[in-house]
Amino acid sequence: MRKEIYYVKSLEEDLVTKTLKGHEKVSFQSIENIIKTKKIKPNTKSFGRQKRLSCTIIDENYLKTYRPQGIIFKTKQKPNYVLPFDLVLLSANDNIIVQYYRIKNKLHIYYNYNLIPGFERFIFKDFQKLKEKFPTLQKVWDEINNFRISKGYKPLKREKHRLVEYDEAAFHKTVKIEPVAIFGYRKNARKVAKKLKIPFYISTKKFYENIIKKEKI
């Protein structure tokens, strides 16, 4: 049984969160500010949803992240809701793009789609209930694909499968955190972790293997 829940907030390559200001993506909160204040502010506004902090709960089924670098943290606050995949899979759009670098300069367009009616069936208040409903990624993949097809959208190509390999936990308010580690394969992530005197891992998968698995009974 898990003793702790660890969250990930993925960050851009410069280890800063960004937000949309009109059609422009602007810097919002740096990793230095996050560590110093022990707070992460909501920065995402998309698909007609309330402004939120979008994170991932690290789990044996969910070892990938939206971006390949960021911060791992703990918090006593509960997410407002959790999804078993990236929210984009519920968007009313047949041109879903997996690679973030291809959309990061067009977020004002990509994030402006509505969600497919009936999307609420994939929203959970509790991560454990999500896991009970979707014990495997194959079940997640099958259900989201069937849902989209039933609503008149094209079948998801297998190349989109990465979007179900991480969950999405959303907080509507600023989250008070206990910083745990910085992760990322780029040199600057390791350098910043050393500067801020915080543990470093090359990926969330490595963190899971070295820390979380050892906490299980």
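**A walk around strand β5**

Guide: Three bridges join β5 to β8, and the two strands run antiparallel. This is a predicted model, in which local features need pLDDT of at least 70 and side-chain atom pairs count only at pLDDT 80 or more, while totals for chains, interfaces and linings use all residues. Residues are numbered from 1 along each chain as its sequence is written, and side-chain values use heavy atoms, with hydrogens and water left out.

Visitor: What makes β5 and β8 a pair?

Guide: Two strands pair if DSSP finds at least two bridges between them, and here there are three bridges. In one of them, L53 has F171 of β8 as its partner. Strands themselves are DSSP runs (E, at least two residues), numbered from the N terminus, as are helices (H or I, at least four).

Visitor: Which strand is joined to β5 by two bridges?

Guide: That is β1, also antiparallel to β5. Its residue Y7 has I57 as bridge partner in β5.

Visitor: How do you know that β5 is largely enclosed?

Guide: Five of its five residues are buried, so the rest of the structure largely encloses β5. Buried means under 20% relative accessible area, exposed over 50%, and partly exposed in between (1.4 Å probe, protein chains only). Both faces are covered: L53, C55 and I57 are buried on one side, S54 and T56 on the other.

Visitor: Why is T75 called buried?

Guide: T75 has a relative accessible area of 17%, and the limit is under 20%, so T75 is buried. T75 sits in the loop between β6 (69–74) and β7 (81–83).

Visitor: What makes the T75 side chain and K176 a polar contact?

Guide: A polar atom of that side chain lies 2.7 Å from the backbone oxygen of K176. A polar contact is a pair of N or O atoms within 3.5 Å; within protein, one must be able to donate a hydrogen and the other to accept it, and residues adjacent in sequence count only if both atoms are side-chain atoms. The backbone nitrogen of Q77 also lies 3.1 Å from a polar atom of the T75 side chain.

Visitor: How many residues does the largest nonpolar core have?

Guide: The largest nonpolar core has 50 residues, and I31, F85 and L89 are among those with the most contacts inside it. Such a core is a set of buried Ala, Val, Leu, Ile, Met, Phe, Trp, Tyr and Cys residues joined through side-chain atoms within 4.5 Å.
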